[in-house]
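Subject: Structure handover

Hi,

Here is the structure I promised to pass on to you. My notes on the ligand site and on one of the strands follow below it.

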Amino acid sequence: MDRCDVVIVGAGPAGLTLASELALAGVRALVIERLTEAEQAESDRTMGNRSVTVPSVRAFDRRGLLTELREASQRGFNVMAAGQPDDGPKLYQHFAFLFPRPELLDQAALGWPVLEGCFVQRADIRRLLAGRAREFGAQIRYGVEVTGLAADADGVTVEAGATVIRAGWLVGCDGAHSLVRTIAGFDFPGVEPEILFRQAAVDLADPDLLPVGWFTEPGVFGHVPLPSGVHMVFTGEFGAKTDDVSMTVAEMQESLRAASGTDVTVTRIHQFGKYTDVSRQSSTYRKGRIFLAGDAAHVHPPLGGQGMNLGIGDATNLGWKLAAAVRGDSPDGLLNTYTPERHPIGKWVQDWTRAQVALLRPDPRSRALREVMRELANTADGSTYLVEKVSGLWQLPMASGGHPLTGRTVPELAFADGSRLADHCHRGRGLLVDLIGHPALRETFRGYSDRIDTLTAKSENSGKLAGLLVRPDGVVAWAADRTVGPADLVAVQQALSTWWGDPRS
Ligand SMILES: Cc1cc2nc3c(=O)[nH]c(=O)nc-3n(C[C@H](O)[C@H](O)[C@H](O)COP(=O)(O)OP(=O)(O)OC[C@H]3O[C@@H](n4cnc5c(N)ncnc54)[C@H](O)[C@@H]3O)c2cc1C
């Protein structure tokens, strides 16, 4: 029997992010992936690009992967650019194929350069995350399928190929059809699909017949010529049969002709994918020693590119909490904060994508509503609102209290020595930023030096901030303005005990 601290089922973006967070914290993490690396690479070829939203960009940045992510983004191809004006910056996300207007954005209100989001090939995401997980010491076993699991009071037993694995904890990152979710008895309520999306890389006999961009009339369709010379085509058909996963040239052509109102001719399909707007979410992400993260916990249509980002967010939220439980220094109830912090964000994405499907419906009322939305999207407030949502900037994982930054993702601070706040987060520990050199504040942290790093530094863009305590997942646990008074010291003690437990001598 193999032994480890945490078994992760599935080496997708959620599983690999979790593995690297756990391994960074010194936890023995084992990832079991049923596909071989070659099979994963083949599946990555299909519909390969993913938009990376601000919270994920920040998560990569905090672990020192920003440069590699940006380089990978330059290799990715922003298929969404085709729907936007030729001049000016391009967004990576849309709302029911309505594109916010970058030139109208209120950047001060957004507070983060959202136009610097990324569009990265799935293969690159996996490569970066798997490389980092291995570098930190996680094991990844490819080509092994998990077929059974059972939990007891002390741990979990997992059947994986010919091996039985015993671990303290198990996380199902095994995607939309999660076996972990089924065996462990998690519910998965939601709505049935009403639209079938077909997407394919094709050769066209007469590409000029098909306009380039993303359209909702006469039907839902998209057409983007790719740098390789093939054409990415996309359709959405309401009321179509949604359980047939095969695709023929005739089917894609018929669907494209119907949606575009053209006589375009498809001569060859290189790759294709079919997906629906089914959307479901488990009502809890934890059952005892078993957790769900990523698509295993929530599925929704990929309108606006949120799913992978949600999974990365789940994993960064769970990683440090689970690591504390494994080490035995987790405060009471820490693991139980995972569902309340992540479920509302998943729920919001469900609603956000359902709203888009409603706007895509072909009936006259939905079309009229769409025109209202189009007008709103073309205003400064409308564009800023949409971008704040699709970029992930609105996400607030933790109920805030006290300082307005508490519960939010940490702002980007630049320090006098030229470093940025993210540079000080690479070790995956908590971080106290003391901006005024306050001896009593640093004294408070003495008993946490095994879990929290301390930085005393001056910053020019910190405004009136005097101090800041950041969780390993980049969420602000405490902050104070101008000075750190007695009430602030009490508040910081409370934050320490809530998120890190007792001090050590
Ligand atoms: C066309 C399309 C475009 C998209 N675009 C975007 C986008 O731009 N941005 C975005 O954020 N999201 C996007 N998404 C969604 C995104 O791809 C998913 O949300 C994301 O891949 C989910 O990651 P995951 O790690 O949770 O699951 P997955 O990526 O599904 O990984 C699960 C892994 O578990 C493995 N597995 C399953 N069962 C077992 C088992 N029993 N034993 C061992 N291994 C198992 C699988 O082989 C798989 O590798 C898009 C989706 C589609 C279909």
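Predicted model: local features only at pLDDT ≥ 70, side-chain atom pairs only at ≥ 80, totals over all residues.

Let's start with the ligand. There are 30 residues around it, and those that come nearest are Glu33, Ser51, Asp295, Met308 and Asn309. Sorted by class, this shell holds 12 nonpolar, 11 polar and seven charged residues.

For Arg50, a polar side-chain atom lies 2.9 Å from a ligand oxygen, while for Pro13 a backbone N or O atom lies 3.2 Å from an oxygen atom of the ligand. The protein buries 87% of the 1,000 Å² that the ligand exposes when taken alone.

Which elements give two or more residues to the shell? They are helix H1 (13-24), strand S2 (29-33), strand S3 (49-52) and helix H9 (307-327). H9 provides the largest share, with three residues.

The other part I looked at is strand S10 (residues 195-204). Nine of its 10 residues are buried, so S10 is largely enclosed by the rest of the structure. S10 runs antiparallel to strand S13 (residues 231-238), joined to it by eight bridges; here Gln199 has Phe234 of S13 as its bridge partner. Nine bridges join S10 to strand S14 (residues 266-276), also in an antiparallel arrangement, and Leu196 is partnered with Thr276 of S14.

Best wishes

How values were computed: Residues numbered from 1 in each chain as written. Heavy atoms only, no water. Near = heavy atom within 4 Å. Polar contact = N/O pair within 3.5 Å; in protein donor to acceptor, adjacent residues only side chain to side chain. Areas by Shrake-Rupley, 256 points an atom, 1.4 Å probe, with all protein chains shown as cover. Helix = DSSP H or I, 4+ residues; strand = E, 2+ residues; numbered from the N terminus. Nonpolar A, V, L, I, M, F, W, Y, C, P; charged D, E, K, R; others polar. Buried < 20%, exposed > 50% of the residue type's maximum accessible area, 1.4 Å probe, protein only. Pairing = 2+ DSSP bridges.
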